[in-house]
Amino acid sequence: MSDTSPAPPLSQGVGYGVVIGLGVAFAIGMVLTTRALKKVFGEDSHTTETFMVANRKVGTGLTASAVISSWTFTSALLGAPYLTYWHGVALPIWWANGQSVMICCFAFLAIQAKLKAPNAHTLLELIRVRYGATVHILWIAMALINNIFNFTSMLVGASTAVSALTGINVYACTYLLPLGVVVYTYWGGLRATFLTDYIHTFIIMIVLVWFSLKVIATAEIGSITALYDLVKSLPQEGTVAGNHAGSYLSMTSNESLFFGIIHIVTNFGIVFMDTGFWQKGFSADIAAAVPGYIIGGNAYFAIPFTFGTVVGLGALALEQTPIWPTYPRRMTQAEVSGGLVLPYTASAVAGKGGAAAILLILFMACTSVASAQLIAVSSIVSFDIYGGALFVSTFATVLHKGGVDLNWLIYMIGIVICPGTFPTCFALLWRKQSRIAAFVSPIAGMAAGFAVWFGTAYKLYGGISITTTGKTLPCMYACLTSMFVPLPVAVSLSYLRPAKFNWDEFLKIERISDNNAAEMRFDRNAYFSPERVKYMKRMSRIAAIWAIATFFGQIVLWPLPMYGAKTVMSKGLFVAWVVVGLVWLFITLLVANFYPLIDGGLQQIWQVIAAVRKTRKSAGDESAEVIEVDVQKT
């Protein structure tokens with residue numbers, strides 16, 4: 001049976017046209033939009049306050065949409081389907097709660113930051129003010145590691161998939177994908193990332209809903225019940241390692257549970273250590289921070305949950321039919337771990353049109369996340385956006401050359417990201433954390449994590465290599481170690497020599513006034529009025545309640561009891577499961593696409609259009625006056 005890869009469904013011209021042409025089109029559009037916003041609303045993206053925190057005026061709808069967009073990594077669109085293809089129906093819920101819960105938890109940090117450090121622009125400012133230069137340098141390193149690995153995993157997965165769809169060179173793709181992003185991020189700053197996030201998410205959500213329904217409705221499947229029957233009749237059904245009865249349709253799945261642990265721990269680190277998420281929190285209006293993150297976090301759940309279930313199981317069913325690109329052979333391990341389940345499914349169910357739609361959303365997801373990561377990196381390294389993009393593309397190319405694929409990055413990334421999670425939370429929430437505790441604890445966590453990672457890989461699999469270090473158990477044990485070792489270290493050192501930090505020190509952070517901007521004055525008495533302080537404390541309590549409720553609802557009360565039940569889903573339960581997911585996905589579309597318009601977006605669009613019309617009319621009147629004067633003179 002041949003292992004030859006199938007021919008790409010689209011031409012290289014289409015690939016380069018999307019990667020370069022759409023990137024340039026978005027860049028031009030954002031430059032024009034930025035100029036219009038400056039003219040109508042006085043927002044100058046070249047001022048630091050607008051570039052970094054969008055003048056702290058972003059509403060609930062756009063915040064929620066930006067949260068959904070920020071989490072719609074290409075690794076999520078590619079990863080949830082291929083891991084479902086491997087491990088079955090249990091996997092997507094662990095992917096979904098592994099990206100939803102921590103967003104709701106971050107809502108609490110976002111409102112606490114507004115209460116204690118209302119003028120901050122980045123997480124790193126808080127660290128510098130509280131702990132000084134040495135700890136600040138350490139956090140710069142950890143924040144850069146976070147952003148670089150996130151950006152790189154996205155590029156590795158996206159470039160592999162785009163190459164499979166179009167045949168363009170995978171290394172060229174890693175450099176070309178961020179090209180247009182660099183331009184519009186440089187010109188538009190964080191406001192541009194919010195706007196492009198919205199446009200990208202608008203298109204992505206439409207395609208995700210359409211494609212999920214298309215997979216179910218394709219002639220080879222036809223309905224949800226037929227999908228269930230096809231999965232049940234698979235030759236390999238009953239042989240899935242670690243699943244109850246070896247079934248794809250069981251929630252008792254050891255590999256899915258282990259992945260869930262890795263994913264939840266990793267993404268707490270990604271969110272809490274990502275300066276991009278902190279900047280979105282700082283940029284949100286006080287009234288928008290908590291509801292924006294809670295709505296966006298819970299809405300996002302449907303994307304990996306529904307899309308992963310339908311595409312992953314649909315791929316298993318379609319792989320047995322002649323329409324599958326690799327038929328009659330099954331996909332190889334390399335094809336699956338490279339994230340090619342989604343591109344192959346698109347080609348199977350919708351031909352070139354489906355391949356083009358998936359190419360489009362991969363480009364949108366990649367550039368959307370890239371813009372947020374570039375803003376985050378540039379805020380760390382003095383706005384060197386071009387250098388940041390070039391470095392990450394080069395790093396992704398090196399990983400490609402070294403044989404690293406998307407699966408390896410998804411599993412190991414938490415080891416290098418998680419050590420700063422608890423110390424970061426303590427920096428904003430616990431006044432007793434000392435400087436030495438903040439410095440030592442993440443270093444100890446990372447060192448312990450790497451020791452466990454390599455040691456476990458060697459002990460269980462007899463060596464240390466890309467293959468063994470990408471296995472589930474070494475990555476899970478190492479991620480847990482990296483996350484939780486800093487907790488007792490930080491607490492112990494802080495109690496040995498406790499600090500007594502005064503939260504008012506954060507008020508030394510000032511809003512930045514540029515030479516070409518009006519003075520950004522901060523009225524402390526007005527900001528900390530009794531009514532506003534009371535409101536922010538109430539929102540903090542609401543955020544904490546939502547965080548706890550989401551954790552228990554999406555992790556403790558839903559998948560864990562089903563894991564312990566040791567049953568295979570009945571047809572009725574499976575149908576209800578998919579229907580609930582599709583309804584939830586449609587609600588996510590409404591939140592991401594239409595809530596920002598209702599929440600002031602339409603009004604602002606109309607104001608811009610009215611201003612443009614007024615400008616054109618004024619220009620026309622001036623031209624008429626000049627012509628009339630010239631005629632009178634003659």
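These are my notebook entries on a predicted model of one protein chain.

**Entry 1: ground rules**

I number residues from 1 along each chain as its sequence is written. Because the model is predicted, local features need pLDDT of at least 70 and side-chain atom pairs count only at pLDDT 80 or more, while totals for chains, interfaces and linings use all residues; side-chain values use heavy atoms, with hydrogens and water left out.

**Entry 2: the whole chain**

I started with the secondary structure and found 28 helices and zero strands. Helices (H or I, at least four residues) and strands (E, at least two) are DSSP runs, numbered from the N terminus.

Next I looked up burial: of the 634 residues of the protein chain, 59% count as buried. Here buried means under 20% relative accessible area, exposed means over 50%, and partly exposed is in between (1.4 Å probe, protein chains only).

The accessible surface of the chain comes to about 23900 Å², and carbon and sulfur atoms hold 65% of that surface. Such areas come from the Shrake-Rupley method with a 1.4 Å probe; for residues, only the protein chains shown count as cover.

I also checked contacts, meaning heavy atoms within 4.5 Å. Among contacts in the chain with a separation of 6 or more, 85% are between residues 24 or more positions apart.

**Entry 3: the core**

Which residues have the most contacts inside the largest nonpolar core? I found W139 and M412, in a core of 180 residues. Helix 16 (residues 341-380) gives the most to this core, with 18 residues. A nonpolar core is a set of buried Ala, Val, Leu, Ile, Met, Phe, Trp, Tyr and Cys residues joined through side-chain atoms within 4.5 Å.

I then followed W139. Setting aside neighbours within four places in sequence, W139 is in contact with L123, L124, I127, M273, G420, P423, T424, A438 and P442.

**Entry 4: helix 6**

Just after helix 6, I noted G132 with a positive phi of about 90°.

From R130 I looked across to N502: the two are 372 residues apart in sequence, yet their C-alpha atoms are 9.0 Å apart in space. N502 is found in the loop between helix 23 (486-496) and helix 24 (524-527). With a relative accessible area of 40%, N502 is partly exposed.

Which residues meet here? I found W408, M412, I415 and V416 in helix 18 facing M446, G449, F450 and W453 in helix 20. By class, this contact has seven nonpolar, one polar and no charged residues. (Ala, Val, Leu, Ile, Met, Phe, Trp, Tyr, Cys and Pro count as nonpolar, Asp, Glu, Lys and Arg as charged, and the others, Gly among them, as polar.)

Further along helix 20 I stopped at A457, which is buried at a relative accessible area of 0%. Apart from neighbours within four places in sequence, A457 is in contact with G462, G463, T468, T469 and P474.

**Entry 5: S256**

Is S256 buried or exposed? S256 is buried, with a relative accessible area of 0%, and its place is in helix 11 (residues 254-273). Not counting residues up to four places away in sequence, S256 touches H87, A90, L91 and W94.

The peptide bond from Y327 to P328 is cis, with omega near 15°. I placed P328 in the loop between helix 14 (302-318) and helix 15 (333-337).

A245 has a positive phi, near 60°, in a residue other than glycine. A245 sits in the loop between helix 10 (224-232) and helix 11, and counts as exposed at 54% relative accessibility.
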